[in-house]
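I opened a new notebook page for this model. My plan was to look up a few things and write each one down.

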Amino acid sequence: MEQEELLNSIIYPSDLKKLALDELPQLSNELRQFIIDVVSANPGHFGASLGVVELTVALHYVFNTPYDRIVWDVGHQAYGHKILTGRKEQFHTNRKFKGISGFPNRFESDYDSFGVGHSSTSISAALGMAIAAKLKGETNRNIVAVIGDGSMTAGLAFEGLNNAGIEHSNLLVILNDNHMSIDPNVGALNEYLLDITTSKTYNKVKDEVWNILGKLKKFGPNTQALIQKIENGVKSIILRQSNLFESLNFRYFGPVDGHDVKHLVNVLNDLKNIPGPKLLHCLTVKGKGFKLAELEQTKWHAPGLFDKLTGEIFKSKFDKKQAPNFQDVFGQTLVELAELNDKIIGITPAMPSGCSMNVMMEKMPNRAFDVGIAEQHAVTFSAGLAADGMMPFCNIYSSFMQRAYDQVIHDVALQKLNVVFCLDRGGLVGADGATHHGVFDLAYMRCIPNIVVSSPKDEEDLRNLMYTAQLPNKGAFVIRYPRGAGIMPEWKTPFKEIQIGKGRIIKEGTDIAVLSIGAIGNLMLKLYDKIEKEGISLAHYDMRFVKPIDEELLHQICNKFSSIITIEDGTIVGGFGSAVIEFINEKNYHTKVNRLGVPDKFIEHGTQHELYRECGFDEDSIYQTVKSIIISDRAKNIKSVIV
Ligand SMILES: Cc1ncc(C[n+]2csc(CCOP(=O)(O)OP(=O)(O)O)c2C)c(N)n1
């Protein structure tokens with residue numbers, strides 16, 4: 001059979017339904033190969049989509065999408081779904097600027113029933129859809145949530161299960177259990193899932209259930225009664241007492257082999273006829289079908305460009321840079337500090353290798369915790385540690401911190417607890433797009449009382465802010481830094497305390513001042529000469545703190561300059577530039593402020609540089625802004641002299 005012969009016949013799921021059941025294994029192989037071919041040349045998430053190829057084929061074969069709803073959790077595993085739902089030809093543009101999104105997106109396709117990127121939303125969203133269907137009388141609409149075992153660790157997933165268990169709506173939750181999050185999955189739930197997968201008694205009962213279910217079709221209208229029988233018989237003996245999902249009123253089915261596509265089709269067809277909330281426990285292997293990805297699942301979660309034949313992963317631009325990534329500096333520095341201060345504890349909600357908490361987890365396993373995909377818990381857990389005298393460093397990606405906002409306010413700031421929040425991936429992150437940009441943090445943090453909000457310009461600054469934050473009684477302390485590398489190849493500088501609320505001048509000048517916050521300010525370094533060559537004397541200040549903002553420095557700046565530019569890689573609404581404007585207004589200065597930053601809209605995916613340009617703060621845009629302000633200021637001055 002020719003390569004992709006079956007896949008090429010499919011544009012939409014209606015084409016897939018024309019295939020015979022026996023052809024589905026071949027189609028699955030072709031789909032898998034297609035994902036490997038494209039993702040090796042245009043990087044994205046990898047292992048997760050390979051793991052659900054058969055499940056994806058079976059779901060679209062059995063269900064009537066988009067009328068029936070498939071709600072993918074996180075959505076990083078939905079590449080097969082995109083390819084089978086009209087986007088095969090665009091798939092090579094995945095995650096590229098103006099290309100298709102790396103996650104399901106309601107604006108992209110009717111088949112993407114719910115927009116995702118952050119985890120653990122699928123059960124709640126699917127329940128909402130199931131209730132909507134019920135209220136509208138659409139009794140034949142099937143709603144399916146597909147959630148990974150990692151995503152199932154979040155509180156939100158359990159809130160959904162808890163609610164669904166009493167709603168009697170037709171909801172099917174498919175638990176895609178590969179025992180992996182990005183890193184190996186953690187927690188008691190993970191152990192429980194392993195237990196029920198391997199328990200002999202459990203599997204015997206399961207087989208009996210399936211034997212009976214296999215006969216369901218024959219019974220037709222008596223299906224309900226038969227199910228009742230199963231429930232009263234088998235289930236009450238063992239399932240209900242020992243199965244977590246059954247005790248939440250879900251009918252539990254499985255575990256099934258998630259790579260046996262024909263069996264999956266049969267199972268899903270059976271489950272379609274069973275009313276009420278159901279959970280199908282599906283066992284899969286992350287990276288299935290690409291040996292190296294199966295062996296090193298964390299590395300192949302999102303490997304970047306690679307050679308699909310040899311498996312060699314090519315180095316990204318970031319790796320080739322001289323300076324280290326901020327997250328590596330964080331990881332190494334935390335261990336250094338923890339060696340000096342035995343109260344320091346590290347906390348990450350499921351991102352140990354992403355944020356480099358794994359360095360401390362390896363060196364000091366008793367003092368560093370991966371708490372699962374549980375940002376809210378991570379923050380309140382940190383608050384508890386701080387309440388009893390420990391010094392937690394809670395590292396959360398900026399956009400995921402949005403989940404834990406109340407915990408920051410209610411559990412930490414209000415109680416003046418000493419918790420350091422290291423916000424990784426602040427700013428525009430690039431190809432992950434709108435769901436992942438860390439652009440709201442400065443704005444949403446700076447309105448909270450009792451909190452320090454800082455952002456290091458470079459590696460040395462990050463180290464010194466971390467050092468400063470763990471000194472006694474500094475309260476809640478945010479240190480926000482971007483994805484990728486800084487500018488200092490020699491970054492292991494000795495620790496120095498930084499005065500809280502103090503910025504610094506980086507370059508003197510007289511015509512115009514640029515005030516920046518964080519590493520985005522490094523864009524200016526390449527512009528100094530170019531701007532000076534235009535005869536413009538430019539000053540540059542790194543403000544370092546958004547809260548408390550350096551008022552003394554701002555007084556000096558406002559007394560000296562009639563125009564200033566603020567630069568931030570966060571939302572200009574309520575962010576750093578807004579803080580400067582508030583100061584100017586309160587102190588009655590007349591300095592004109594031109595704010596560069598992320599405008600009041602969601603920014604899609606692309607390279608960081610493309611997105612900076614779109615937002616108007618790439619190097620060229622900054623240069624043009626400086627020039628045009630100076631030209632118009634000078635024109636005004638000439639006019640006023642003439643008048
Ligand atoms: C709220 C939130 N926190 C963290 C992440 C980062 N993240 C993306 S995928 C993933 C692992 C998900 O594991 P699982 O649901 O088991 O899916 P798998 O990748 O194993 O298929 C994590 C932690 C996220 N997307 N959303």
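My entries on the ligand, a pocket and some salt bridges follow.

**Ground rules.** I am working with a predicted model, where local features need pLDDT of at least 70, side-chain atom pairs count only at pLDDT 80 or more, and totals for chains, interfaces and linings use all residues. Residues are numbered from 1 along each chain as its sequence is written, and side-chain values use heavy atoms, with hydrogens and water left out.

**Ligand shell.** I looked up which residues come nearest to the ligand. There are 22 residues around the ligand, and H76, G150, S151, K286 and E375 come nearest. A residue counts as near if one of its heavy atoms lies within 4 Å of the molecule. I then sorted the shell by class and found eight nonpolar, ten polar and four charged residues. In this scheme Ala, Val, Leu, Ile, Met, Phe, Trp, Tyr, Cys and Pro are nonpolar, Asp, Glu, Lys and Arg are charged, and the others, Gly among them, are polar.

I checked polar contacts next (pairs of N or O atoms within 3.5 Å). The side chain of S151 has an N or O atom 2.6 Å from an oxygen atom of the ligand. K286 places a polar side-chain atom 2.6 Å from a ligand oxygen atom. M180 uses its backbone: an N or O atom there lies 2.8 Å from an oxygen atom of the ligand. On its own the ligand has 580 Å² of accessible area, and the protein covers 98% of it. Those areas come from the Shrake-Rupley method with a 1.4 Å probe.

**Second largest pocket.** I noted a volume of about 490 Å³ for the second largest pocket. Of its 22 lining residues, N105, G115, V116, A434 and T435 are the closest to its centre. Its lining has eight nonpolar, eleven polar and three charged residues. A pocket here is an open set of points on a 1 Å grid where a 1.4 Å probe fits, with protein on both sides within 12 Å along at least five of seven lines; lining residues have an atom within 4 Å of a point. The volume is the space filled by probe spheres set on the points.

**Salt bridges.** How many salt bridges does the structure hold? I found 35. Each needs a side-chain nitrogen of Lys or Arg within 4 Å of a carboxyl oxygen of Asp or Glu. D15 pairs with K18, the closest N and O atoms being 3.4 Å apart. D15 is buried at 16% relative accessibility, whereas K18 is exposed at 66%. Buried means under 20% relative accessible area, exposed over 50%, partly exposed in between (1.4 Å probe, protein chains only). E138 and R141 meet at 3.0 Å, N to O. R141 is buried, at 9%. E532 bridges to K507, with the closest N and O atoms 2.6 Å apart.

Conventions. A polar contact is a pair of N or O atoms within 3.5 Å; within protein, one must be able to donate a hydrogen and the other to accept it, and residues adjacent in sequence count only if both atoms are side-chain atoms.
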